[in-house]
Amino acid sequence: MDTLIEIGKRVRKTREHYKLTREQLAEMASISPQFLVHIENGTKSMTCNTICKLARALNISADYLLFGLDDTDLNRTLATEALVSMLPEDREVAERVLQSVIQLIKAMG
(Lines give C-alpha, C1' and ligand atoms only; values in the text may rest on other atoms or scores of the structure.)
Protein backbone atom coordinates (compact mmCIF):
# COMPACT_ATOMS: atom_id res chain seq x y z
CA MET A 1 0.00 0.00 0.00
CA ASP A 2 1.11 3.58 -0.56
CA THR A 3 3.30 5.04 2.20
CA LEU A 4 1.27 8.25 2.46
CA ILE A 5 -1.92 6.26 2.96
CA GLU A 6 -0.29 4.15 5.69
CA ILE A 7 0.99 7.27 7.48
CA GLY A 8 -2.45 8.85 7.19
CA LYS A 9 -4.06 5.78 8.72
CA ARG A 10 -1.68 5.92 11.68
CA VAL A 11 -2.41 9.62 12.20
CA ARG A 12 -6.17 9.00 12.10
CA LYS A 13 -5.96 5.91 14.34
CA THR A 14 -3.91 7.74 16.96
CA ARG A 15 -6.09 10.86 16.79
CA GLU A 16 -9.21 8.75 17.30
CA HIS A 17 -7.53 6.80 20.12
CA TYR A 18 -7.03 10.10 21.98
CA LYS A 19 -10.60 11.14 21.04
CA LEU A 20 -9.38 14.28 19.30
CA THR A 21 -11.28 16.02 16.55
CA ARG A 22 -9.42 16.97 13.40
CA GLU A 23 -9.77 20.60 14.44
CA GLN A 24 -8.20 19.92 17.85
CA LEU A 25 -5.25 18.00 16.42
CA ALA A 26 -4.72 20.56 13.66
CA GLU A 27 -4.56 23.32 16.25
CA MET A 28 -2.17 21.32 18.45
CA ALA A 29 0.11 20.68 15.46
CA SER A 30 -0.21 24.22 14.04
CA ILE A 31 -1.59 23.02 10.71
CA SER A 32 -4.93 23.64 9.02
CA PRO A 33 -7.77 21.15 9.48
CA GLN A 34 -8.00 20.86 5.68
CA PHE A 35 -4.35 19.85 5.46
CA LEU A 36 -4.93 17.27 8.20
CA VAL A 37 -7.77 15.77 6.11
CA HIS A 38 -5.33 15.42 3.20
CA ILE A 39 -2.72 13.83 5.47
CA GLU A 40 -5.20 11.33 6.91
CA ASN A 41 -6.42 10.45 3.41
CA GLY A 42 -2.87 10.08 2.11
CA THR A 43 -3.35 12.66 -0.63
CA LYS A 44 -0.64 15.13 0.43
CA SER A 45 2.88 14.65 1.69
CA MET A 46 4.37 16.45 4.68
CA THR A 47 7.59 18.24 5.47
CA CYS A 48 9.85 16.95 8.22
CA ASN A 49 8.65 19.87 10.33
CA THR A 50 5.00 18.81 9.97
CA ILE A 51 5.86 15.19 10.79
CA CYS A 52 7.60 16.35 13.98
CA LYS A 53 4.69 18.62 14.95
CA LEU A 54 2.16 15.82 14.46
CA ALA A 55 4.29 13.31 16.36
CA ARG A 56 4.64 15.71 19.29
CA ALA A 57 0.94 16.61 19.27
CA LEU A 58 -0.03 12.91 19.27
CA ASN A 59 2.68 11.92 21.78
CA ILE A 60 4.12 9.33 19.39
CA SER A 61 7.52 8.91 17.83
CA ALA A 62 8.21 9.95 14.27
CA ASP A 63 9.38 6.34 13.79
CA TYR A 64 5.88 5.10 14.59
CA LEU A 65 4.28 7.74 12.40
CA LEU A 66 6.51 6.93 9.42
CA PHE A 67 7.18 3.21 9.80
CA GLY A 68 4.46 1.85 12.12
CA LEU A 69 6.66 0.28 14.79
CA ASP A 70 4.77 -1.89 17.27
CA ASP A 71 3.99 -0.61 20.77
CA THR A 72 7.09 -2.20 22.32
CA ASP A 73 9.40 -0.45 19.87
CA LEU A 74 7.40 2.77 20.21
CA ASN A 75 7.69 2.82 23.99
CA ARG A 76 11.41 2.17 23.85
CA THR A 77 11.83 4.97 21.33
CA LEU A 78 9.80 7.44 23.40
CA ALA A 79 11.81 6.67 26.54
CA THR A 80 15.08 7.03 24.64
CA GLU A 81 13.96 10.31 23.07
CA ALA A 82 12.96 11.66 26.48
CA LEU A 83 16.34 10.84 28.01
CA VAL A 84 18.31 12.16 25.05
CA SER A 85 16.46 15.48 25.05
CA MET A 86 17.28 16.19 28.71
CA LEU A 87 20.13 18.27 30.02
CA PRO A 88 22.99 16.06 31.25
CA GLU A 89 22.33 16.75 34.93
CA ASP A 90 18.60 16.01 34.50
CA ARG A 91 19.40 12.86 32.54
CA GLU A 92 21.52 11.54 35.42
CA VAL A 93 18.63 12.05 37.85
CA ALA A 94 16.15 10.45 35.43
CA GLU A 95 18.43 7.45 34.90
CA ARG A 96 18.78 6.94 38.68
CA VAL A 97 14.99 7.11 39.09
CA LEU A 98 14.51 4.67 36.22
CA GLN A 99 17.03 2.25 37.74
CA SER A 100 15.18 2.41 41.07
CA VAL A 101 11.85 1.73 39.38
CA ILE A 102 13.33 -1.25 37.51
CA GLN A 103 14.72 -2.66 40.77
CA LEU A 104 11.31 -2.28 42.45
CA ILE A 105 9.59 -4.05 39.57
CA LYS A 106 12.10 -6.90 39.70
CA ALA A 107 11.66 -7.19 43.49
CA MET A 108 7.88 -7.40 43.09
CA GLY A 109 8.08 -9.97 40.29
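The legends below describe a predicted model, first as a whole and then in close-up views.

Local features are reported at pLDDT of at least 70 and side-chain atom pairs only at pLDDT 80 or more, whereas totals for chains, interfaces and linings use all residues. Residues are numbered from 1 along each chain as its sequence is written, and side-chain values use heavy atoms, with hydrogens and water left out.

**Figure 1. Overview of the helical protein.** The secondary structure consists of seven helices and zero strands, in the order α-α-α-α-α-α-α along the sequence. Helices (H or I, at least four residues) and strands (E, at least two) are DSSP runs, numbered from the N terminus. The protein has 109 residues, of which 27% are buried; buried means under 20% relative accessible area, exposed over 50%, and partly exposed in between, with a 1.4 Å probe and protein chains only. Its accessible surface comes to about 7500 Å², and carbon and sulfur atoms account for 57% of that area. Accessible areas come from the Shrake-Rupley method with a 1.4 Å probe, and for residues only the protein chains shown count as cover. Of the contacts (heavy atoms within 4.5 Å) between residues at least 6 apart in sequence, 43% join residues at least 24 apart.

**Figure 2. The crossing of helices α2 and α3.** Helix α2 spans residues 22–29 and helix α3 spans residues 33–41; their axes come within 9 Å and cross at roughly 105 degrees. Axes are lines fitted to C-alpha atoms, for helices over the stretch in contact, and angles run from 0 to 180 degrees between N-to-C directions. The two helices, α2 and α3, are therefore roughly perpendicular to each other, a term that covers angles of 65 to 115 degrees. On the α2 side, Arg22, Glu23, Leu25 and Ala26 meet Pro33, Leu36, Val37 and Glu40 of α3.

Figure 3. Side chains of opposite charge can pair when their charged atoms come close. A salt bridge is a side-chain nitrogen of Lys or Arg within 4 Å of a carboxyl oxygen of Asp or Glu, and the whole structure holds three. In one of them, Glu40 pairs with Arg12, with the closest N and O atoms 3.5 Å apart. This pair links distant parts of the chain, since Glu40 belongs to helix α3 and Arg12 to helix α1, 28 residues apart. Glu40 is buried at a relative accessible area of 2%, while Arg12 is partly exposed at 22%. Glu40 also forms a salt bridge with Arg15 (2.6 Å, N to O). Arg15 lies in helix α1 and Glu40 in helix α3, so this pair ties together parts that are 25 residues apart in sequence. With 7% relative accessibility, Arg15 is buried. A salt bridge of 2.7 Å, N to O, joins Glu40 to Arg22. Arg22 is partly exposed, its relative accessible area being 27%. Through shared partners, the salt bridges join Arg12, Arg15, Arg22 and Glu40 into one network.

**Figure 4. The surroundings of Thr14.** Thr14 sits in helix α1 (residues 3–17) and is buried, with a relative accessible area of 8%. Beyond its neighbours within four places in sequence, Thr14 is in contact with Leu58, Ile60 and Tyr64.

**Figure 5. A nonpolar surface patch that includes Val101.** Val93, Val97, Val101 and Ile105 make up this patch, with about 330 Å² of accessible area together. Patches are made of residues with over 30% relative accessible area and no salt bridge: like charges are joined within 9 Å, and nonpolar side chains (Val, Leu, Ile, Met, Phe, Trp, Tyr) within 5 Å. Val101 is part of helix α7 (residues 88–108) and counts as partly exposed at 38% relative accessibility.

Methods
Parallel < 35°, antiparallel > 145°, perpendicular 65-115°, else oblique.
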